[in-house]
Amino acid sequence: MSENPKHSLSTTPESSRPSKIPKTQDHSDQEEEEEDKQQQESSMSKNPRIQRYLVAIEYIGTRFSGSQQQPNCRTVVGVLEEAFLKFIGQPVSIFCSSRTDAGVHALSNVCHVDVERISKRKPGEVLPPHEPSVVRRAVNHFLQSEGDITVIDVRCVPNDFHARYKAQERTYFYRLLSGSEPLSTFEKERAWHVPEKLDLYAMQEACKVLVGHHDFSSFRAAGCQAKSPIRTLDELHVSEAPPTPYFPSISEKKQNNSSTEDSHACSREPEIDLPIDSFSNSDDEVGSNGITDLGFGIRRRHHCYVVTARARSFLYHQVRLLVGVLKCVGTGELTTSDVERILNAKTVTAASPMAPAYGLYLGCVKYDLPRDA
C-alpha cells in the first residue's frame, strides 16, 4: 500500500487530552478470536500421525513481497513451503504468527507447519516424526541458496497450537539513522535515513502520550481489517544505539569507558537513555575547510535511534504510522501537544506520512509454550 500523503493536523483544542479507554481486553481481540475460532480448528491437524512444528525464522525483507503467499510473487511463506516440499517430498501449508509487508525484516517471525513423515523408499509407510534439530538443519539446507532467510529454531507443539492465535505479544523495532552524510552501503534498505538532527528527549516524551490503551484510529491505515481500532500499546520507547556495522578501535573503547564513568559520577538524575555521542563521529573537530577531519577514508557515522513497540497485536501499518509521527517530533515539525491532537482526531488523515517499510523489524513473538511439548 502506498504511503499516506502529509495532512494537516486536527483542530481539536490543545487543552484536550487523549481519551482514555477503560483497560479491558481489546474488543477487537475478543471478536476476532471468536470469528477465527472455526478457522483455527479447521487448520488443526486431525491425523495423530502428523506432527506440528513451531518454526522461528529470520529474514531480510528487501527481496520479499511480504510474508503471506501471493501468486507470482516471492514471499516468505512461499519460499519456506518450497523448502519443506524438497525436504519431506510433499506439499505443506505454513501459517505465520505475524504478517509482514514487502521490505519489512524479521529477527524472529514464527510459524507452524504440520508434517507427516512418509518413507521415500516405501511409499505409504509412515515413520516417526523428525526431531526438531533435523527439521532445522534440513530446511536450512534447502534455503541456503536463497541467501536471505534462515530457520533459527524449531520445536514440537501440540496439534492445537496455532502460531498466530497463541501469540501473547509481539515486539517490533524501527531503526532511524540521523545525519547529513549519505547512507552507508551497508545500511541501504536496513534503516530510514533522516538527514536532520533528531531530538531524542522530545521523541521520548511523545511516546508517553501514545503508550497505553487507546483508540488508535489515527494510526490505522486504510484497508485495515481489524474489527476495532482499540489496542493496548504495552511499550513504546526510543533509544540511541550503535550504528551498524560498528568496529571501535582500542582508543575509542578506552575513551567510551572513561566517558561512561564520568557521566555516572557527575549525574544526579535517574538513568535515562541519553544520546551516546561515542557511537557517532559526526561531532568530531571541524577543520579550517568546514569539513569534519576524521582522516582520509574514514566515513562519518550516523546517530542511530531505535523505536521499540510492544503489544499483543497491532493494527495495519500502526507501527510505521507511529514512527512517522515520532520522527516529526524529533525534527521539530510536531510537538507533544500535536501528538495528543493527532491521537484524539481518530482519523489517519491527521497523522504524519508513514515511515518506510525497510526500517521495520519484527523482533520477537512471545508464547506460553507447553513444557511437555
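Predicted model: local features only at pLDDT ≥ 70, side-chain atom pairs only at ≥ 80, totals over all residues.

Modeller: Residues are numbered from 1 along each chain as its sequence is written, and side-chain values use heavy atoms, with hydrogens and water left out.

Biologist: Why are α4 and α7 called roughly parallel?

Modeller: Two packed helices are described by the angle between their axes and the distance between the axes. Axes are lines fitted to C-alpha atoms, for helices over the stretch in contact, and angles run from 0 to 180 degrees between N-to-C directions. Angles under 35 degrees count as roughly parallel, over 145 as roughly antiparallel, 65 to 115 as roughly perpendicular and the rest as oblique. The axes of α4 (residues 200–210) and α7 (residues 336–345) cross at roughly 25° and come within 9 Å. So α4 and α7 are roughly parallel.

Biologist: Which residues of α4 and α7 meet?

Modeller: Contact means heavy atoms within 4.5 Å. Glu205, Ala206, Val209 and Leu210 in α4 meet Thr336, Val339, Glu340 and Leu343 in α7. Those residues divide into 5 nonpolar, 1 polar and 2 charged. Here Ala, Val, Leu, Ile, Met, Phe, Trp, Tyr, Cys and Pro count as nonpolar, Asp, Glu, Lys and Arg as charged, and the others, Gly among them, as polar.

Biologist: What makes α4 mostly covered?

Modeller: Buried means under 20% relative accessible area, exposed over 50%, partly exposed in between (1.4 Å probe, protein chains only). In α4, 8 of its 11 residues are buried. Among them are Leu200, Met203 and Cys207. The buried residues of α4 pack against β7 (212–215), β8 (230–241), β9, α6 (318–331) and α7.

Biologist: What makes α2 and α3 roughly perpendicular?

Modeller: Helix α2 (residues 76–88) packs on α3 at an angle of about 110°, with the axes 9 Å apart. That angle makes α2 roughly perpendicular to α3. Val79, Leu80, Ala83, Phe84, Lys86 and Phe87 in α2 meet Val135, Ala138, Val139, Phe142 and Leu143 in α3. This contact has 10 nonpolar residues, no polar ones and 1 charged.

Biologist: How do you know that glutamate 116 and arginine 49 form a salt bridge?

Modeller: A salt bridge is a side-chain nitrogen of Lys or Arg within 4 Å of a carboxyl oxygen of Asp or Glu. For glutamate 116 and arginine 49, the closest N and O atoms are 3.1 Å apart. The pair links distant parts of the chain, 67 residues apart. The structure holds 13 salt bridges.

Biologist: Is glutamate 116 buried or exposed?

Modeller: Glutamate 116 has a relative accessible area of 14%, so it is buried. Arginine 49, at 45%, counts as partly exposed.

Biologist: What makes arginine 175 and glutamate 187 a salt bridge?

Modeller: Their N to O distance is 2.9 Å. Arginine 175 lies in strand β5 (residues 169–178) and glutamate 187 in the loop between β5 and β6 (192–194), so the pair ties together parts 12 residues apart in sequence. Both arginine 175 and glutamate 187 are buried.

Biologist: Where do glutamate 181 and arginine 300 lie?

Modeller: Glutamate 181 forms a salt bridge with arginine 300, with the closest N and O atoms 4.0 Å apart. Glutamate 181 lies in the loop between β5 and β6, and arginine 300 in the loop between α5 (250–266) and β9 (303–311), so the pair ties together parts 119 residues apart in sequence. Glutamate 181 is partly exposed at 27%, and arginine 300 is partly exposed at 22%.

Methods
Helix = DSSP H or I, 4+ residues; strand = E, 2+ residues; numbered from the N terminus.
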